[in-house]
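This report describes a pocket, helix packing, a sheet and backbone geometry in one protein model. The sequence and structure are shown first.

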Amino acid sequence: MSNSYYQQQDRLYISVDCIVFGLCEGELKLLLTKRDFEPHKGEWSLMGGFVRHDESVDNAARRVLKNLTGLDGIYMQQVKTFGEVNRDSGERVVSVAYSALLNLKEIKHCNLEGYNAQWFDYNNIPDLCMDHNKMIEHAMLKIRHRLKTEPLAFKLLPQRFTLSQFQSLYEMLMGTKVDKRNFRRRALENDCIVSTEFVDKENSRRGARLYEYRDNLALNN
């Protein structure tokens, strides 16, 4: 049902942009797509879309992620709203950025091909269109802040992982090295990190113990 309450106000578009992180062979990756439409046709960008009139901003981001990966329930967090007047040369567009963390093995890779999407090393990201590089910077700052109090790393790790894999990912996300002995001690003090009967013989000559992350709160409910 239409009304005339806001007829005198300027209209603009609202979009979402998704900053999708994954882990592949021990390297932190970022999912980018090459645009096949104007403006900025042929340039690399984040995956995004416009918010529909019948959906919330969060649901718009979930829709974009589902179409891109084929997955439901992906971990995502709102990063920041980007609304500079001339950020998009096509129209006046305000974009809400979201970060997403997922396991690459779960993705339906055929979906990625349909969107001209590719994984890039996080430390080798090309120049992106509009303000998308700035979105990535803000997303990583948020992740580093939340990583100190939330189990975000386990959204990227495989179901079973070694402590070396856990430490390596933590260092990549935080952008700094940590003391191996102290890191392992703190990890093993966490009741949610559980030792399994399995060992990793592919990446360790002697065989490194594999662990799992188990949400004790979820197990107790």
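## Largest pocket

On a 1 Å grid over the protein atoms alone, a pocket is an open set of points where a 1.4 Å probe fits, with protein on both sides within 12 Å along at least five of seven lines, whereas a cavity is a set from which the probe cannot get out; lining residues have an atom within 4 Å of a point. Grid points are joined across faces, edges and corners, and a volume is the space filled by probe spheres set on the points. The model is a predicted one, in which local features need pLDDT of at least 70 and side-chain atom pairs count only at pLDDT 80 or more, while totals for chains, interfaces and linings use all residues. Residues are numbered from 1 along each chain as its sequence is written, and side-chain values use heavy atoms, with hydrogens and water left out.

The largest pocket has a volume of about 520 Å³. Its lining comprises 19 residues, and those nearest the centre are Glu-25, Gly-26, Lys-105, Pro-158 and Gln-165. Two or more lining residues come from each of β1 (13-24) and α4 (163-174); helices (H or I, at least four residues) and strands (E, at least two) are DSSP runs, numbered from the N terminus. The largest share, four residues, belongs to α4. By class, the lining has eight nonpolar, six polar and five charged residues, where Ala, Val, Leu, Ile, Met, Phe, Trp, Tyr, Cys and Pro count as nonpolar, Asp, Glu, Lys and Arg as charged, and the others, Gly among them, as polar.

## Helix packing around α4

Helix α4 packs against α5 (residues 180-188) at an angle of about 110°, with the axes 11 Å apart. Axes are lines fitted to C-alpha atoms, for helices over the stretch in contact, and angles run from 0 to 180 degrees between N-to-C directions. The helices α4 and α5 are therefore roughly perpendicular to each other; angles of 65 to 115 degrees count as such, those under 35 as roughly parallel, those over 145 as roughly antiparallel and the rest as oblique. In this contact (heavy atoms within 4.5 Å), Leu-163, Ser-164, Phe-166, Gln-167 and Tyr-170 of α4 meet Lys-180, Phe-183, Arg-184, Ala-187 and Leu-188 of α5. These residues divide into six nonpolar, two polar and two charged.

The axes of α3 (132-147) and α4 come within 9 Å and cross at roughly 130°, and the two helices are therefore oblique to each other. On the α3 side, Met-140, Ile-143, Arg-144 and Leu-147 meet Tyr-170, Met-172, Leu-173 and Met-174 of α4. The contact of α3 with α4 has seven nonpolar residues, no polar residues and one charged residue.

Five bridges join β9 to β10 (residues 208-213). Ser-195 stands opposite Tyr-211 in β10.

Most residues other than glycine have a negative phi, and most peptide bonds are trans. The peptide bond from Glu-38 to Pro-39 is cis, with omega near -5°.

Asn-111 is part of helix α2 (residues 109-114). Leaving aside residues up to four places away in sequence, Asn-111 touches Lys-66, Asn-67, Leu-68, Thr-69 and Gly-70. Asn-124 is 13 residues from Asn-111 along the chain, and their C-alpha atoms are separated by 23 Å.

Notes: Pairing = 2+ DSSP bridges.
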